[in-house]
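Subject: Structure for you, with notes

Hello,

Here is the structure I promised to pass on. My notes follow below it.

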Amino acid sequence: MLSQAFGNVLRIYRTKAGISQEKLAEFADLDRTYISLLERGLRKPSLNIVFNLSKALNVKPHQLIEEVEKLMSLHH
């Protein structure tokens, strides 16, 4: 559930930024398939990955986490 919430938030922020999974992967120094796995909730990002992704998306790490918290609270 947590992984899915993070994936949804990541997809929303990536889409808002108007970038592809490929571009996000390039900006965050990750593999595109890993971005896909994250967005589908099949992988759990490390703290380092959250920071890399937030930098690539030009947002603060806490913004991503806050959005995940909001999604999680809607489902509880």
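Axes are lines fitted to C-alpha atoms, for helices over the stretch in contact, and angles run from 0 to 180 degrees between N-to-C directions.

Two notes on the source. This is a predicted model, where local features need pLDDT of at least 70 and side-chain atom pairs count only at pLDDT 80 or more, while totals for chains, interfaces and linings use all residues. Residues are numbered from 1 along each chain as its sequence is written, and side-chain values use heavy atoms, with hydrogens and water left out.

The overall fold

The protein chain has five helices and zero strands. Its pattern along the sequence is α-α-α-α-α. Helices (H or I, at least four residues) and strands (E, at least two) are DSSP runs, numbered from the N terminus. The C-alpha atoms fill a box of roughly 35 × 25 × 20 Å, taken along the principal axes. The radius of gyration is 11 Å, which agrees with the value near 11 Å for a compact globule of 76 residues. That radius is taken over C-alpha atoms, and the globule rule is 2.2 Å times the number of residues to the power 0.38.

Of the 76 residues, 39% count as buried. Buried means under 20% relative accessible area, exposed over 50%, partly exposed in between (1.4 Å probe, protein chains only). Among contacts (heavy atoms within 4.5 Å) between residues at least 6 apart in sequence, 58% join residues at least 24 apart.

Helix pairs

Two packed helices are described by the angle between their axes and the distance between the axes.

Take α1 (residues 2-17) and α5 (residues 61-74). Their axes come within 9 Å and cross at roughly 125°. The two helices are therefore oblique to each other. Their crossing is right-handed. A crossing is left-handed if the near helix is turned anticlockwise from the far one by less than a right angle, and right-handed if clockwise. From α1, Leu 2, Ala 5, Phe 6, Asn 8, Val 9 and Tyr 13 meet Gln 63, Leu 64, Glu 67, Val 68, Leu 71 and Met 72 of α5. This contact has nine nonpolar residues, two polar and one charged. Here Ala, Val, Leu, Ile, Met, Phe, Trp, Tyr, Cys and Pro count as nonpolar, Asp, Glu, Lys and Arg as charged, and the others, Gly among them, as polar.

Next, α2 (residues 21-28) and α3 (residues 32-39). Their axes come within 8 Å and cross at roughly 110°, so α2 and α3 are roughly perpendicular to each other. This crossing is right-handed. Gln 21, Glu 22, Leu 24 and Ala 25 of α2 make the contact with Arg 32, Ile 35, Ser 36 and Glu 39 of α3. These residues divide into three nonpolar, two polar and three charged.

Contacts below leave out residues up to four places away in sequence.

- Leu 53 sits in α4 (residues 47-57). Its relative accessibility is 0%, so Leu 53 counts as buried. Leu 53 touches Phe 6, Leu 10, Leu 24, Ala 28, Leu 30, Ile 35 and Leu 38. Its C-alpha atom is 8.0 Å from that of Phe 27, 26 residues apart along the chain.
- Ser 54 is also in α4. At 2% relative accessibility, Ser 54 is buried. Ser 54 contacts Val 59, Lys 60, Pro 61 and Leu 64.
- Ser 3 lies in α1. At 12% relative accessibility, Ser 3 is buried. Ser 3 touches Leu 38, Gly 41, Arg 43 and Lys 44.

Best wishes

Note on methods: Parallel < 35°, antiparallel > 145°, perpendicular 65-115°, else oblique.
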